[in-house]
Amino acid sequence: MILYFLTLVLFVMGVYCLIAKKNIIKKIIGLTITDYAINLFIIIIGYRAKGIAPIMFKDMTIQELAEYGVDPLPQALVLTSIVIGLGVLSLMTSICLRLYEKYKTFDMSEINRLKG
Amino acid sequence: MATKPELVSSDSPKGMTPIVKTVVRFAIGIVFMFGWYIIIYGHLTPGGGFAGGTILACGYVLLTLAFGKEVALAKMSDKAASIIDNSAAFLFVATAIVGLAFGYFFLNFPPHGKPFNLVSAGTIPLYNILIGLKVTSSLFAIFLALSIFGRFISKLVEEAEEEE
Amino acid sequence: MTMQTIYPLFTALPLAAAFFTLLVTKINKKAADYIALFVTAALAVMAVLTVFEQPFAYQVGGFPAPWGILLISDGLSSLMLVIINVIAFLSIIYSTKYMTTYTAKPKYYALFLLMLTGMNGVVITGDLFNLYVFLEIASIASYALVGFGCEHEELEASFKYLILGSVASTVILFGIAFLYSMTGTLNMPDLARQIEILGINKAVAFVIAMFIMGFGLKASSVPFHAWLPDAHPSAPAPISAMLSGVLIKAIGVYAIARLMFNVIGPNEAVSSILMFLGALSMVVGVFLALGQKDIKRMLAYSSISQVGYITMGLGLGLNPDVPPVVAALGLFGGLYHLVNHAVFKSLLFLCSGAIEYRTGTRNRGELGGLIRKMPVTGTACSIGSLSIAGVPPFNGFWSKLIIIVAFIQAGFYVYGAIAVLVAFMTLLTFIRFQRFALFGQLPTRFANIKEAPFAMTLPIVVLAILCVGLGLAYPFIDQSVLQAARDALLDKLSYMGYILGG
């Protein structure tokens, strides 16, 4: 129970960093922390107390794996989610570099040509 | 592709100090071999296409950091990265569509073989290898685009070289 | 080779074509146009063919239902597929000529085909995490396409859209993880059964809140609309047409409809939330659209307002307290407005792109009298403006009328009055747009402009004919695909039956 609460704390830290910091790079870091907090939450959902990793060895039966193994489905979800986070991060970084070329600043409060 | 000896020698001006270059010359083969091991054994042990591909891309980044960009570009140029990237992804979708001819989309159509062997589980090792190639070339292409071919950073690098 | 065997090609074909385009253009640059045209034409034909099929469920990879991914084809999926693929085909015809002013045209086609993959995948899938993955593919491709021109404002708009869209996707993933931990399955028909057994307890209510926030941001409902007025004007014109006409509906409104109707089921709280958000979107959108000088920004704000109509119609359909006939009428009005808005908003954005291509400006104050120099574009633009304003023989009138009548019959007089008021304000906005941009005095520096090229006027004419046709054929629309879509949403039991491999 305390683990879920800690991932929520991590999520809130990421959102705080996204909102309160002015530098674009810090906002990107905040969004990445938020992504990782959600990935951690998904892995913890699949946990089973006193469980083993869901890998089959040569002389194991499927009943043993189903009884003692942790849930492998959230691990597959998290792999996909990490790759999606990677794609978004690389897109964000390249847009951020181009923004520096055009506006000559990393400060978000000066990048406000679109208004109204 | 063999690189010119003067580029990878320990006292060429580009890249890092001779200690780093010597160690990387030993370690880079092990890094690549480890990456391919993770990719190929993906259906038996943890890992698979994405994890192994990331390790290989980091190997290329290690080459760039230790020896300079000419060596890494000689090993995998940006054009080669783009071609490998697109053809691996296209072959992935093509293999999935071939399953349609056998019944279902993404069907595991080759014979499955005995479990725990290296050659088993149908199309899964093939998918792992294709994803490994795609991830390698994609991550290295992103690294190149952001650091060497990005206009902003390359302008800074040229100005620093002119000052020297 | 029936539709039941080639159904997954809706996602596989544009995905393969995107990578194939990037390979082939290393040899021959012009090939990208033809590949994109061919693929979207094939997809449009396939989408029209799915309308005539019986509903079925397809098991990907041959794995049986709760363990494998299901692809479900019913009335609503066919309707969305037709809208997405037909408008994508018309946008590609338009962009063969429009995108010559930008660099890197093959990469544009690759990104466009990836966005099309994502949108097709969202509407055909029957698995919740698969929906999230395709949603992300479509969203990431659209973030890159919004900033395609790499000017100052386009990059800023793309960055803002990216941050807000990523936060929404994170919240959706959080909701999916929560739902998985409660029920143990990710298959949507199976989830419908489990939620029927669980009932709407506090955890499911939390998940509903997460989904309304996440998908509401993708659909640009009002508290979450801040990205749309920056992103849609900055994108190139065919991408604005796709984003505003199709994307916010395919990944926003469709996902809310599918989840709230088929998976969670009708209940009172969700219905009142959706109706309130819809009414708020309508009012805020139209009041902010009145004062805009930039024509594309005005069209973007009016998108927010029209999606509010659709959300209100969906909200009325979810209400279990009104008589079922009235709820079905409200839902029907919402779906009909979805189709109409896709057609006339794409038409208006493509027209504004043609105006910008010839005159070089988007400012309403600098334009005027264009209907003399660009007759085809001007007439089509007038048809589009009259349709969105809700003038009788065109299609916007019927859908708005159905929604207003449904609300008055259900007893929600306040919402009905708000809908009528917003219809008047929309009429005012677009009459002003027409008067300043199309009629009136032609500035002297535009004395020599010509009509837009044929590749750009062809889709505009086709969409204008569709506007008129959908309006005149209203008595026949009832018996067609719209009724099948409405019944597919209202019938939760048959959705649960797909798990048996129907």
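Modeller: In chain C, take contacts (heavy atoms within 4.5 Å) between residues at least 6 apart in sequence: 83% join residues at least 24 apart. This is a predicted model, where local features need pLDDT of at least 70, side-chain atom pairs count only at pLDDT 80 or more, and totals for chains, interfaces and linings use all residues. Residues are numbered from 1 along each chain as its sequence is written, chains are lettered from A in the order written, and side-chain values use heavy atoms, without hydrogens or water.

Biologist: What makes chain C as compact as a globular protein of that length?

Modeller: The radius of gyration, taken over C-alpha atoms, is set against the globule rule, 2.2 Å times the number of residues to the power 0.38. Chain C comes to 22 Å, close to the 23 Å that the rule gives for 502 residues, so it is as compact as a globular protein of that length.

Biologist: How much of chain C counts as buried?

Modeller: Buried means under 20% relative accessible area (1.4 Å probe, protein chains only), and 66% of the 502 residues of chain C count as such.

Biologist: Over to A and B. What area do they bury between them?

Modeller: About 1,100 Å², 78% of it on carbon and sulfur atoms. Buried area is the accessible area (1.4 Å probe) that two parts lose on being put together, summed over both. Leu86(A), Leu97(A) and Glu101(A) supply 36% of what chain A buries against chain B, more than any other three residues.

Biologist: How many salt bridges cross that interface?

Modeller: The rule wants a side-chain nitrogen of Lys or Arg within 4 Å of a carboxyl oxygen of Asp or Glu, and finds 0 across the interface of chain A and chain B.

Notes:
Buried < 20%, exposed > 50% of the residue type's maximum accessible area, 1.4 Å probe, protein only.
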